Amino acid sequence: ESRDHRKHGMITSLCMAIPEGSNGRPIVACGMESGNVFFHDCGMIGTTMNARDEIKGAATATTATTTKDKKTFGKVDDDNMSRRSSCTVMLGKDPVLCLDIASSSSRHSNKHSSASIVAIAGCAGDAVEQCDIPIKDRGTVALMKASLSPSSSSSSSRAKVKYRMETCRVGEHAAGGKPGVSCCKFRSDGKMFAVGGWDRRARIFSRKSGKFIDMRRGHSDSVTAVDFAPDVSSGLFATGSGDGLISLWNDVFPGDGS
């Protein structure tokens with residue numbers, strides 16, 4: 001039975017990176033209209049990738065020594081390979097509007113290593129709908145961890161949500177608010193990240209703990225773009241908005257925010 005790849009709606013965000021520990025294998029994260037995030041190890045896609053060739057080579061060798069079972073052992077199961085090299089996590093029912101990826105570790109890697117990454121995602125959100133969600137599951141920002149295996153001998157690929165973060169307050173004692181998130185970005189060292197909200201504010205969080213660090217306000221419309229300067233020690237941070245303005249901040253924490 002073929003899989004229905006359209007049941008999650010359209011792709012609403014996309015991010016690609018080659019994290020440390022992946023042996024050069026690109027990892028793609030896809031945010032979906034359904035509220036799911038899919039992670040794909042591109043080292044297993046196509047017939048020219050090393051990891052896939054290796055598995056096909058092993059299958060061919062088995063065929064050579066087991067002639068009578070040629071039809072069974074000589075075929076590589078593309079569907080199983082695809083499932084093994086990808087994983088998914090559900091964040092809710094709202095579209096995932098932005099994604100970013102950072103390496104999870106700098107451990108020594110080889111072609112059999114699992115690629116371990118952390119990712120942030122920002123989702124659309126309605127204040128009224130958020131109030132109907134259990135408090136522990138609220139938050140339009142999610143910090144995730146994913147581990148993707150390159151071969152059948154490795155553990156299965158998997159992803160999970162480590163932390164959920166809220167932007168503006170919602171609930172009985174909150175003054176309305178727009179909890180949706182338009183954009184997100186890791187700092188170059190991966191120790192903290194920023195998100196731009198529909199409530200006209202940019203917020204900065206610690207990657208290590210998921211804790212809120214600071215907030216920048218000054219725009220008159222949704223914050224639609226955020227970025228850190230490559231030189232972490234500069235403390236420079238930029239935001240862009242639907243108001244057509246760019247704001248440059250020069251006092252963002254140079255540490256890890258933990």
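**Surface charge and nonpolar core**

In the predicted model, Lys-145, Arg-158, Lys-160 and Lys-162 together form a positive surface patch. Lys-162 is located in strand 8. The relative accessibility of Lys-162 is 38%, so this residue is classed as partly exposed, given that the class lies between the limits of 20% and 50%.

The largest nonpolar core comprises 20 residues, and the members with the most contacts inside it are Val-37, Phe-39, Leu-91, Val-96, Leu-99 and Met-144. Two or more residues of this core are contributed by each of strand 2 (27–32), strand 3 (36–41), strand 4 (86–90), strand 5 (96–103), strand 6 (115–123) and strand 7 (141–148). Among these elements, strand 6 gives the most to the core, with 5 residues. In soluble globular proteins, nonpolar side chains tend to be buried together.

A buried position was also found at a serine. Ser-22 lies in the loop that connects strand 1 (11–17) and strand 2. With a relative accessibility of 0%, Ser-22 is counted as buried, because the class applies under 20% relative accessible area.

Terms used. Residues are numbered from 1 along each chain as its sequence is written. This is a predicted model: local features need pLDDT of at least 70, side-chain atom pairs count only at pLDDT 80 or more; totals for chains, interfaces and linings use all residues. Side-chain values use heavy atoms; hydrogens and water are left out. Patches are made of residues with over 30% relative accessible area and no salt bridge: like charges are joined within 9 Å, nonpolar side chains (Val, Leu, Ile, Met, Phe, Trp, Tyr) within 5 Å. Accessible areas come from the Shrake-Rupley method with a 1.4 Å probe; for residues, only the protein chains shown count as cover. A salt bridge is a side-chain nitrogen of Lys or Arg within 4 Å of a carboxyl oxygen of Asp or Glu. Lys and Arg count as positive and Asp and Glu as negative; His and the chain ends are not counted. The place of a charge is taken as NZ of Lys, CZ of Arg, CG of Asp or CD of Glu. Helices (H or I, at least four residues) and strands (E, at least two) are DSSP runs, numbered from the N terminus. Buried means under 20% relative accessible area, exposed over 50%, partly exposed in between (1.4 Å probe, protein chains only). A nonpolar core is a set of buried Ala, Val, Leu, Ile, Met, Phe, Trp, Tyr and Cys residues joined through side-chain atoms within 4.5 Å.
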